[in-house]
Amino acid sequence: ESGLGLIAIRQIQKGEVVASVPSNVMLQTATALNVPELEKASGLVVGLLNEAWGWGGNGGALELGDVLLAIRLLHEQRLGNASDLAPWIRMLPAADSVQTPLMWGE
């Protein structure tokens, strides 16, 4: 299983747009919790994360935005086929197939 990818079949010019994704269909850190089910809790979630880990946008190994996106993905995954993102989420690799140092045993 090799996943998905793109192959150029002609020379691509510097500055040429080869793919375009409208911003209204992107998951973004600034809007990750902007869904009715998460919107009510978004202030609480951000407050708790800032308090627990002292995040304030200063960077680090794990950014607040990364956590907010993870929360949104978990929410959409829980919705299953009712999620507008279901086709995309089905394409994500399974957690046990991701090989990163974070997931390595001792």
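View 1. Val21 lies in the segment before α1, the helix of residues 36-53; helices (H or I, at least four residues) and strands (E, at least two) are DSSP runs, numbered from the N terminus. This is a predicted model: local features need pLDDT of at least 70 and side-chain atom pairs pLDDT 80 or more, whereas totals for chains, interfaces and linings use all residues. Residues are numbered from 1 along each chain as its sequence is written, and side-chain values use heavy atoms, without hydrogens and water. Together with Val25 and Met26, Val21 forms a nonpolar patch on the surface (residues with over 30% relative accessible area and no salt bridge; nonpolar side chains, Val, Leu, Ile, Met, Phe, Trp or Tyr, joined within 5 Å, like charges within 9 Å). The three residues have about 260 Å² of accessible area together (Shrake-Rupley, 1.4 Å probe, only the protein chains shown as cover for residues). Val21 counts as partly exposed because its relative accessibility is 48% (buried is under 20%, exposed over 50%, partly exposed in between; 1.4 Å probe, protein chains only).

**View 2. The whole protein.** The secondary structure consists of three helices and zero strands, in the order α-α-α along the sequence. Of the 106 residues, 16% count as buried.

**View 3. The salt bridge of Arg10 and Glu16.** A search of the whole structure finds two salt bridges (a side-chain nitrogen of Lys or Arg within 4 Å of a carboxyl oxygen of Asp or Glu). In this view, the side chains of Arg10 and Glu16 meet at 2.5 Å, N to O. Arg10 counts as exposed, since its relative accessibility is 53%. Glu16 has a relative accessible area of 28%, so Glu16 is partly exposed.

**View 4. The salt bridge of Arg72 and Glu76.** The closest N and O atoms of Arg72 and Glu76 are 2.8 Å apart in this salt bridge. Both residues belong to helix α2, and because they are four residues apart, about one helical turn separates them. Glu76 is buried, as its relative accessible area is 6%. Arg72, with a relative accessible area of 12%, is therefore buried too.

**View 5. The second largest pocket.** This pocket has a volume of about 200 Å³. It is lined by 16 residues, and the closest to its centre are Val35, Arg72, Glu76, Asp84 and Leu85. A pocket is an open set of points on a 1 Å grid over the protein atoms alone where a 1.4 Å probe fits, with protein on both sides within 12 Å along at least five of seven lines; lining residues have an atom within 4 Å of a point. The volume is the space filled by probe spheres set on the points, which are joined across faces, edges and corners. Helix α2 (residues 64-79) gives the largest share of the lining, four residues. By class, the lining has seven nonpolar, five polar and four charged residues (nonpolar: Ala, Val, Leu, Ile, Met, Phe, Trp, Tyr, Cys, Pro; charged: Asp, Glu, Lys, Arg; polar: the others, Gly among them).

**View 6. Glu63 and Thr29.** Glu63 sits in the loop between α1 and α2. Its relative accessible area is 30%, so Glu63 is partly exposed. Glu63 and Thr29 are 34 residues apart in sequence, and their C-alpha atoms are 9.8 Å apart in space.

**View 7. Ser42 and Ala32.** Ser42 belongs to helix α1. Ser42 counts as partly exposed because its relative accessibility is 21%. Ten residues separate Ser42 and Ala32 in sequence, and the C-alpha to C-alpha distance is 9.2 Å.
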